[in-house]
Structures are given as C-alpha cells and as structure tokens.
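Welcome! Take a moment to look over the chain and its fold, and then we can walk through them together.

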Amino acid sequence: GEKVKNRKEAARQHYVDGMSQSFQAMALSLEPGGLVGVVFAHTDPEAWATLIEGLLGSRLVPEASWPIDTELENKASRLGQARLMTSVWMAWRLPT
C-alpha cells in the first residue's frame with residue numbers, strides 16, 4: 001500500500017540525490033569546457049529518467065549522445081531473459 005509507495009519514492013529520491021552528488025563532484029573536478037563521458041544501459045525507462053534528473057542537477061550540459069548496440073541479438077545465454085540491446089554513451093560538458 002501507501003508504505004511501499006513511500007519507500008519506493010524515498011529509494012528513488014536517494015538514487016537521484018546520489019547520482020546528482022556524483023555528477024556534481026565530476027563537474028567540480030573539470031576545468032571550464034571539460035568533458036565527462038557517461039555510459040548507461042537499463043531496461044526500465046524510469047531508470048533513464050532518474051539518471052537524467054541526477055545529471056541535470058550537476059551544472060553539466062549535454063554535448064552529444066550515441067546509442068550503441070551492446071548485445072548480440074541471438075546470444076544463447078540470454079534467451080528468455082530481458083536484454084539490454086542498446087546502451088547510450090553521452091558526453092556532458094562543464095560550461096565555460
């Protein structure tokens with residue numbers, strides 16, 4: 001019920017806060033105009049949303065992104081399991 005929903009939202013916010021703190025630390029270590037590379041793959045769209053939310057709180061701005069096929073479609077050991085067919089590689093820049 002409500003307790004589970006509240007715990008789930010608290011866990012989500014904890015993840016976003018932690019990601020934001022991590023990306024803020026990266027931003028602090030960069031010189032103006034410096035780049036950070038981020039690679040992310042997940043099957044849940046909500047995970048993507050929380051990652052982006054964390055990044056947007058960091059002062060870093062998106063520069064580019066590339067979807068990369070990361071798994072073979074016919075990989076025998078993954079049959080019947082969720083597959084991460086694509087990951088996203090992103091470059092984020094600290095503004096000058």
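Does S87 count as buried or exposed? Its relative accessibility is 3%, and buried means under 20%, so S87 counts as buried. Keep in mind that this is a predicted model.

**The setting of S87**

S87 has its place in strand 3. Leaving out residues up to four places away in sequence, S87 touches V39, F40, A41, W66, P67, I68 and T70. The side chain of S87 is also joined to that of W89 by a polar contact of 3.2 Å.

**The chain as a whole**

The chain has 96 residues, of which 25% count as buried. Among contacts with a separation of 6 or more, 74% are between residues 24 or more positions apart.

Here are some of the elements you will meet in this report:

| Element | Residues |
|---|---|
| Helix 1 | 2-29 |
| Strand 1 | 35-40 |
| Helix 2 | 45-56 |
| Strand 3 | 86-93 |

**Helix 1**

Helix 1 is made of 28 residues. From its first C-alpha to its last it reaches 41 Å, close to the 40 Å expected at 1.5 Å a residue. Which of its residues are buried? They are V16, M19, S20, F23 and A27. These buried residues pack against strand 1 and helix 2.

**The nonpolar core**

F23 turns up again in the largest nonpolar core, which has 15 residues. Together with F23, the residues with the most contacts inside this core are V38, L51, L55, L60, M90 and W92. Helix 1, strand 1, helix 2 and strand 3 are the elements that each give two or more residues to the core.

Setting aside its neighbours within four places in sequence, L60 is in contact with F23, A27, L30, V36, L55, W92, R93 and L94.

**The largest pocket**

Finally, look for the largest pocket, which holds about 170 Å³ of space. Its lining is formed by K8, E9, R12, Y15, D44, E46, A47 and T50. The elements that give two or more residues to this lining are helix 1 and helix 2. Which element gives the largest share of the lining? That is helix 1, with four residues.

Methods
Residues are numbered from 1 along each chain as its sequence is written. This is a predicted model: local features need pLDDT of at least 70, side-chain atom pairs count only at pLDDT 80 or more; totals for chains, interfaces and linings use all residues. Side-chain values use heavy atoms; hydrogens and water are left out. The expected span of a helix is 1.5 Å times one less than its number of residues. Buried means under 20% relative accessible area, exposed over 50%, partly exposed in between (1.4 Å probe, protein chains only). Contact means heavy atoms within 4.5 Å. A nonpolar core is a set of buried Ala, Val, Leu, Ile, Met, Phe, Trp, Tyr and Cys residues joined through side-chain atoms within 4.5 Å. A polar contact is a pair of N or O atoms within 3.5 Å; within protein, one must be able to donate a hydrogen and the other to accept it, and residues adjacent in sequence count only if both atoms are side-chain atoms. On a 1 Å grid over the protein atoms alone, a cavity is a set of points where a 1.4 Å probe fits but cannot get out, and a pocket is an open set with protein on both sides within 12 Å along at least five of seven lines; lining residues have an atom within 4 Å of a point. Grid points are joined across faces, edges and corners, and a volume is the space filled by probe spheres set on the points.
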